[in-house]
Amino acid sequence: MSFLAGSASFVRFSIEGELPENPLDFISDRIKSFVFEDIDDNFEEYSIGWVSVLSMFDSAFDYGTHLYGDYVVLSLRVDERKVSPSILKKFTQKEEERIKKEKQVPKLSRTIKLEIKERIRTELTRKAMPVPAVYDLVWSLSESSLYFFSTNKKAHMLLEDFFKDCFGLLLMLQIPYTTAVQLLSDDDRQARLEQITPEIFV
Amino acid sequence: MDLVDLITEKRFIGQEFLTWLWWKSEERGGSVELEGQGDIVVVFEKHMLLEYGEADYNERLVCSGLQTELKEARTGLRTGKKLEQARLQIIKDEMEYNLTLGATSFEFRNVKLPKTEGADASADSADAEMEGAVLERIYLFEELVKIVNDLLLMFVEARTSETWSEELARIRTWVHKSADNV
């Protein structure tokens, strides 16, 4: 799935919005402000940010630039501590049993059960190792378009939100219809394309 | 219009494009002429996903196999299904691409780029060599998108032209013949 090696999967976005003067300086500054911060050694649940496309451990861009010719090439790294629902259920029930025995009561109230569940969830989340996901992207500055190397819809939403926060620019997924409208130079054709309805090929 | 609504309302354009492209590629035995650029090879292979209807009435048909003649897919066309996803081989100027193209979200999946001689080993430094490799990959992806966009433009120009009904009649003849030969 990676941009740099082997076979790759991607979708395209168009970029809407204007970059300020000195766009390259602006982009570099924004990337620096939104780099990935490691959460391996703390108890944070979630971290998202930019890393070098050459290494998911390089968020200082020590080993490579983000600028290649007219393109900004980056990876979006997302680390998340996750607890599977079955593990949460098991340890919650275990703790409920322990408290029932300790207090010598046959049942626990709903409020206490919720408190137990939330406490266990926090404890287990702290113990869980962060699961990393890395998505490459290539941003063409001259075309105002972006290749995103994942076809995962959830990853698309993460990128759209993060890109907007970071650069103040909007991403629009390019589907055949929107691509076709851009490709057709003739206004009449664009209007006709907007009007057409599904055709039966049989 | 909201993008989600637009995707739903206009998804037929991508599906019609892929179905049209299958016809276009078989019309001349796997060759398609791009205006002003000569012939390119477009071959439908291995894997295909067809769809019919929307939401609860949606039907899907998956066809795959290395040496398949895509018989089920051809029969599927005759029952009104259209292509939602197809594995394609595209060759232009001796550059061979393989990809699975998704119609609704215009996804390029499992793209295999043409083999090249690799990055310039004579580059002054490892950084320059890496920059060359990155720019080469970008160039190859962009070339592929350009070819697919040129094909899409051919389709929408035909689809919005006065002579579309004639082209549609030829597609319908192909759909019937194609299924009869199964």
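Two strands are said to pair if DSSP finds at least two bridges between them. Helices (H or I, at least four residues) and strands (E, at least two) are DSSP runs, numbered from the N terminus. In chain B, B:Val41 stands opposite B:Ile91 in β4(B). The model is predicted, so local features need pLDDT of at least 70 and side-chain atom pairs count only at pLDDT 80 or more, while totals for chains, interfaces and linings use all residues. Residues are numbered from 1 along each chain as its sequence is written, and chains are lettered from A and ligands numbered from 1 in the order in which they are written.

**Strand pairing in chain B**
- β2(B) (residues 38-52) is joined to β4(B) (residues 82-92) by nine bridges, and the two run antiparallel.
- β2(B) is also antiparallel to β3(B) (residues 59-64), through six bridges; here B:Leu50 has B:Leu61 as its bridge partner.
- Four bridges link β1(B) (residues 31-34) to β2(B), again in the antiparallel sense, and B:Leu34 is partnered by B:Gly38.
- β1(B) and β2(B) form a hairpin with three residues between them, and B:Gly36 in the turn has a positive phi of about 75 degrees.

**Contacts between the chains**
- Two residues are in contact if their C-beta atoms, placed from the backbone, lie within 7 Å.
- On this basis, 42 residues of chain B touch 35 residues of chain A.
- The contributors of at least two residues each on the chain B side are α1 (3-27), α2 (71-78), β6 (108-112), α3 and α4 (164-180), with α3(B) giving the most, 13 residues.
- That side of chain B comprises 23 nonpolar, eight polar and 11 charged residues, where Ala, Val, Leu, Ile, Met, Phe, Trp, Tyr, Cys and Pro count as nonpolar, Asp, Glu, Lys and Arg as charged, and the others, Gly among them, as polar.
- Strand β1 (residues 8-16) of chain A runs antiparallel to β6(B), joined by two bridges; A:Ala8 has B:Val111 as its bridge partner.

**Nonpolar core**
- A nonpolar core is a set of buried Ala, Val, Leu, Ile, Met, Phe, Trp, Tyr and Cys residues joined through C-beta atoms within 7 Å; buried means that 20 or more other C-beta atoms lie within 10 Å of a residue's own.
- The largest such core has 70 residues, of which A:Leu137 and A:Phe148 touch the most other members.
- Helix α3 (residues 126-159) of chain B gives the most to this core, with nine residues.
- Beyond its neighbours within four places in sequence, A:Phe148 is in contact with residues including A:Phe10, A:Tyr135 and A:Leu159.

Methods
A residue is buried if 20 or more other C-beta atoms lie within 10 Å of its own, exposed if 12 or fewer, and partly exposed in between; C-beta atoms are placed from the backbone.
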